[in-house]
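Dear colleague,

I am handing over the structure below, and after it I set out what was found. Please keep it open while you read, so that you can follow each point in turn.

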Amino acid sequence: MKPDDWHLHLREGAVLNKVLDFSSKVFSRALVMPNLSNPVISPLKAMEYKKEITKRLGRNSEFTPLMTLYLTESTKPQIIKELKRGHIITAIKYYPAGATTNSTNGIKSFKTILPVLEEMAKNDIPLCIHGELPGEEYDIFDREKLFIDLVLDRIISIIPDLRITLEHITTLDAIQYIKHANKNLAATITVHHLMLNRNHMFQKGIRPHYYCLPVAKREKHRKALLQTATSGNKKFFLGTDSAPHLSRDKESDCGCAGIFSAPYALNLLAGIFEEEKKLDNLEKFVSINGATHYNLPVNTNKITLVKRDSPIKVRNHIKVNNDKVMIFGKDFDIYWEIKLPKNESF
Ligand code: DOR
Ligand code: ZN
């Protein structure tokens with residue numbers, strides 16, 4: 001079955017134009033993140049953003065962008081019913097203020113948004129969480145665990161009926177917490193966190209294109225993610241967190257976080273699952289578990305992956321205006337190729 005991407009940054013304008021095809025030709029649906037420079041904080045903005053995406057899709061495209069709303073401390077519980085009735089969004093996104101790209105309008109204290117979360121649980125709207133506790137006093141490698149212990153665990157104990165996705169998990173602590181939590185908690189895992197540990201960011205020099213948030217952790221955490229993602233456990237599924245940034249923004253004095261992984265995400269995953277001898281579970285991770293968590297039908301359309309005898313030619317970057325966006329995958333041998341329908345290419 002065709003895969004879905006349960007965590008994707010498509011951006012706007014020129015970048016959106018250049019990156020959309022990579023997801024829309026391979027994935028059936030994607031949950032589109034709302035952290036634009038002017039974030040998607042109202043139902044109207046969500047509708048406008050969806051229109052901007054869909055007008056760029058080819059006429060025969062089978063791709064559906066599923067929209068999200070950016071939660072702020074001013075979000076009113078009253079809009080939840082409107083969102084539900086209008087089928088405007090699929091989930092609401094919780095960014096702790098200051099945790100990542102464009103998160104300044106995010107949440108400072110989870111207590112202020114409890115009434116909204118209660119209303120979401122009542123109306124069965126899922127919450128997606130960037131699970132890191134921001135703050136210079138907290139070590140960057142501990143922020144995921146701290147968020148789980150000090151925020152997530154408390155939200156779940158107050159509102160156990162709220163459906164939650166803990167996004168882009170990076171630690172063994174998160175895996176264990178999710179496995180033992182109630183059925184409403186699930187998690188996405190990215191391709192890059194299955195492939196990189198924290199040493200890769202400093203391999204023979206500093207590698208800005210391996211910098212993302214949450215930052216990659218120790219090898220023991222990567223191994224645990226690998227084991228979990230390939231196990232078929234229905235609480236874990238793919239969210240690429242593909243996050244394109246211009247090279248000049250990443251290769252700078254203060255480079256920003258994000259890895260543009262959409263172009264080879266599925267190819268790389270096929271290689272990972274093959275190496276783990278778990279190809280049988282690939283479909284669960286990319287096509288079934290996520291749809292089940294979001295209470296949506298599993299796709300019926302298909303995609304074909306073919307294993308080549310020698311590595312395929314991997315693109316290094318895409319051009320955007322006078323700059324470029326580097327592609328994750330260029331440093332690896334990729335043997336799996338996606339067969340697109342005749343007359344289609346990227
Ligand atoms: O690496 C990241 N990039 N992590 C995030 O949470 C946000 C994303 C982005 O929007 O660039
Ligand atoms: Zn993200």
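A polar side-chain atom of His245 lies 2.7 Å from an oxygen atom of ligand 1, and please bear in mind that this is a predicted model, with every value computed from it. Arg11 also reaches ligand 1, with a polar side-chain atom 2.9 Å from an oxygen atom of the ligand, while for Thr100 an N or O atom of the side chain is 3.0 Å from a ligand oxygen. On its own, ligand 1 has 290 Å² of accessible area, and the protein covers 99% of this. The space that ligand 1 takes up is the largest cavity.

There are 14 residues around ligand 1, and those that come nearest are Arg11, Asn35, Thr100, Leu213 and His245. When the shell around ligand 1 is sorted by residue type, eight of its residues are polar, four are nonpolar and two are charged.

Two points concern the backbone. In general, most peptide bonds are trans, and most residues other than glycine have a negative phi. The peptide bond from Leu213 to Pro214, however, is cis, with omega near -10°, and Pro214 has its place in the loop between α7 (191-195) and α8 (219-229). Leu213 is also one of the residues that come nearest to ligand 1. His87, for its part, has a positive phi of about 50° although it is not a glycine, and this residue is found in the loop between α3 (79-86) and β4 (91-94).

Lastly, the aromatic rings: the count comes to eight aromatic pairs. Among them is the pair of Phe22 and Phe260, which is edge-to-face, with 6.0 Å from centre to centre and 80° between the planes. This pair links distant parts of the chain, since Phe22 belongs to helix α1 (residues 13-24) and Phe260 to the loop between α9 (247-250) and α10 (265-275), 238 residues apart.

With kind regards

Technical notes:
Residues numbered from 1 in each chain as written. Chains lettered and ligands numbered in written order. Predicted model: local features only at pLDDT ≥ 70, side-chain atom pairs only at ≥ 80, totals over all residues. Heavy atoms only, no water. Near = heavy atom within 4 Å. Polar contact = N/O pair within 3.5 Å; in protein donor to acceptor, adjacent residues only side chain to side chain. Areas by Shrake-Rupley, 256 points an atom, 1.4 Å probe, with all protein chains shown as cover. 1 Å grid on protein atoms, 1.4 Å probe; cavity = no way out; pocket = protein on both sides within 12 Å on 5 of 7 lines; lining within 4 Å. Sits in = over half its atoms within 2 Å of the grid points. Nonpolar A, V, L, I, M, F, W, Y, C, P; charged D, E, K, R; others polar. Phe/Tyr/Trp six-rings, centres within 6.5 Å; stacked < 30°, edge-to-face > 60°. Helix = DSSP H or I, 4+ residues; strand = E, 2+ residues; numbered from the N terminus.
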